[in-house]
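Here is a friendly note to read alongside the model. Please keep the viewer open and look up each place as it comes up.

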Amino acid sequence: MKILTAAQIRAADAFTIAQEPISSLDLMERAANAVVAWLTQRHGSETPFFVFCGPGNNGGDGLAVARLLHQRGYDLHVFLVGAGPKQSSDFTQNLNRLPQEIPVTPVTSASELPTALPQQAVALDALLGTGLTRALEGPFAQVVDYLNQQPVPLVSVDVPSGLFTDAATPAGSTVVQADITLTFEQPKLAFVLPSSGPNVGEWHVLPIGLHPDFLAQVTSPYQLLVPENVKKLLRPRAKFSHKGTFGHALLAGGSYGKMGAITMSSQAALRAGVGLLTVQVPQVGYNILQTAVPEAMVLTDEQADYLTQFPEDLSRYQCIGIGPGLGQAEASGLALENLFRQKLPPLVLDADALNLVASNRQLRQHLPPGSILTPHPKEFERLTGPATSDDHRLQLLQSFCAEHDCYVVLKGAHTCIGTPTGDFYFNTTGNPGMATGGTGDVLTGILTGLRAQGYSALEACQLGVYLHGLAGDLAAEALGEASLVASDVYRYLGAALKKLSQNP
Ligand SMILES: NC(=O)C1=CN([C@@H]2O[C@H](COP(=O)(O)OP(=O)(O)OC[C@H]3O[C@@H](n4cnc5c(N)ncnc54)[C@H](O)[C@@H]3O)[C@@H](O)[C@H]2O)[C@@H](O)CC1
Ligand SMILES: Nc1ncnc2c1ncn2[C@@H]1O[C@H](COP(=O)(O)OP(=O)(O)O)[C@@H](O)[C@H]1O
Ligand SMILES: [K+]
């Protein structure tokens, strides 16, 4: 699903109005109906709604929602902020359509607002949407501060007011802290970035029938990984297939005290469906691997406690995953240098393999093209230097992927896959239960297992990242977030694969 800029959304509006054709007022009515359908499913008519409307089309949406809720028997109170000569014509028309019985209070300062909203109420934020041009101040900022302190659910229409959707919101700005955001047609970039995402709360995309031709032809470097698209990548296993059909993966890593990481990667590669798995570990890992992962073959290093070599014949492997539990011994770095000089199958690099690359210019310069790197933000900054903002981090991601011709899986709440062609794919699965040691190692195993099966680098990243999060979601559903541990993620990988393949 494409993520569009505010300007592209305006263009989509205009295209739909001209081509469908539909009046902008009717399009607003469609948007309002979508919001009302969502709200009335969640809240019965005993819930009073307090609707806060600005002077533009976002405020117009709020007024239309108020009228439609009133028609369905809800109690309403409308507050107007900033209405006046600059109000949009659809706002004015919806204000004129508002039934007399709905109380309307113009607000010029917070002192005109009720001391507190009743606890059973819901507040609707329709102050400003994608038309925001500057940070909030004056009555807008006062009303938003007020709303953020109310003990009631706060639902934002389209975007939390005060949040810039496709540029950085200036630090320290007043922004609505929404519990729920009901956004129209397409998600906005600010929803998936770490500095602005927390303001959005739980978000839902409500289709409002913007013209499919426009949505099909508009281009955006930003996309969301959604099940409909990811599902198409899954390859069914043919009846007459055999283990050779599904590739042979090599995982390399582990060191004294860190054998769990490579063990969990191994389990995950197997659960991702790889045909054969070999694991290269220091001697200290031999018994551990053979016991914990009997399905895997094990090769041991000359060294007892850390890796200093890779297998000589690499031609039998369709993918090599390196890094989980590796440690940063100098000899491990030298082994990587040697490895990078050879003709290699596709690579997945994680954890200390990335730290070694970050601290060694030789390694960075000879990074094999087409590799997949899976840093968390700290590891990423070791590779690129510090990021000063979310926007800057995305710029760094784009230039790093282009310069090294590689795929970077930048991990986080909405993990972002960067590609050599400058595209970004944001994940939609996963949960805070996954913020626990070892879940990244599981991801490395999944990516290695998929890549070895013949999925392209981009397909493996999209499928792997999505499935990893989905497995975490299924595990959290069964066990709760706090108790979720990394091994639960690979235990639920089969259920995730099944769920994705059955997705209608
Ligand atoms: N395709 C869509 O997505 C649709 C969008 N609609 C709504 O239209 C909204 C966009 O409407 P508009 O373009 O009218 O924009 P807004 O309603 O976001 O606000 C624009 C108005 O606020 C003023 N303004 C901007 N920043 C301000 C600030 N910091 N303080 C005070 N005033 C400020 C502007 O000068 C302008 O008058 C969307 O967010 C959505 O809610 C719907 O009505 C229908 C369809
Ligand atoms: N709040 C969250 N929401 C969704 N996914 C998360 C969240 N926190 C962490 N994750 C996921 O968990 C994994 C953590 O990886 P990483 O930081 O490398 O952990 P480790 O090094 O312990 O294996 C990543 O895939 C990340 O996307
Ligand atoms: K809003």
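How many bridges join strand β14 to β15, and do the two run parallel or antiparallel? The answer is in point 2.

1. Ground rules. This is a predicted model, in which local features need pLDDT of at least 70 and side-chain atom pairs count only at pLDDT 80 or more, while totals for chains, interfaces and linings use all residues. Residues are numbered from 1 along each chain as its sequence is written, and chains are lettered from A and ligands numbered from 1 in the order in which they are written.

2. Strand β15 and its partners. Strand β14 (residues 372-373) is joined to β15 by 2 bridges, and these strands run parallel. Here I372 has Y407 of β15 as its bridge partner. On to strand β16 (residues 416-418): 3 bridges join β15 to this strand, and the pair runs antiparallel. L410 is partnered with C416 in β16, and a hairpin of 5 residues leads from β15 to β16. Strands pair if DSSP finds at least two bridges between them. Strands (E, at least two residues) and helices (H or I, at least four) are DSSP runs, numbered from the N terminus.

3. The two faces of β15. Strand β15 covers residues 407-410, with Y407 and V409 on one side and V408 and L410 on the other, and all four are buried. A residue is buried if 20 or more other C-beta atoms lie within 10 Å of its own, exposed if 12 or fewer, and partly exposed in between, with C-beta atoms placed from the backbone.

4. A site from the record. UniProt, in an unreviewed entry, lists N58, D125 and S161 under "binding site". These residues span 104 residues in sequence, yet no two of their C-alpha atoms are more than 9.3 Å apart, so they gather at one spot. UniProt positions are given in the numbering used here, feature names are shortened, and annotations may be inferred rather than shown by experiment.

5. A closer look at D125 and S161. D125 lies in strand β4 (residues 122-126), whereas S161 sits in the loop between β5 (154-157) and β6 (180-184). D125 counts as buried because it has 31 C-beta neighbours inside 10 Å; S161 is buried too, with 29 other C-beta atoms within 10 Å. Leaving aside neighbours within four places in sequence, the contacts of D125 include F52, L147, P160 and S161. With residues up to four places away likewise not counted, S161 touches D125, V144 and V176, among others. Contact means that the C-beta atoms of two residues, placed from the backbone, lie within 7 Å.

6. Around ligand 2. Which residues come nearest to ligand 2? Of the 18 around it, they are K411, G430, A435, T439 and G440. A residue is near a molecule if its C-beta atom, placed from the backbone, lies within 6 Å of it. Helix α16 (residues 439-452) gives the largest share of this shell, 4 residues.

7. Backbone details to check. Most residues other than glycine have a negative phi, and most peptide bonds are trans. The peptide bond from E20 to P21 is cis, with omega near -15°, and P21 lies in the loop between α1 (6-19) and α2 (24-42). D158 is not a glycine, yet has a positive phi of about 70°; its place is in the loop between β5 and β6.
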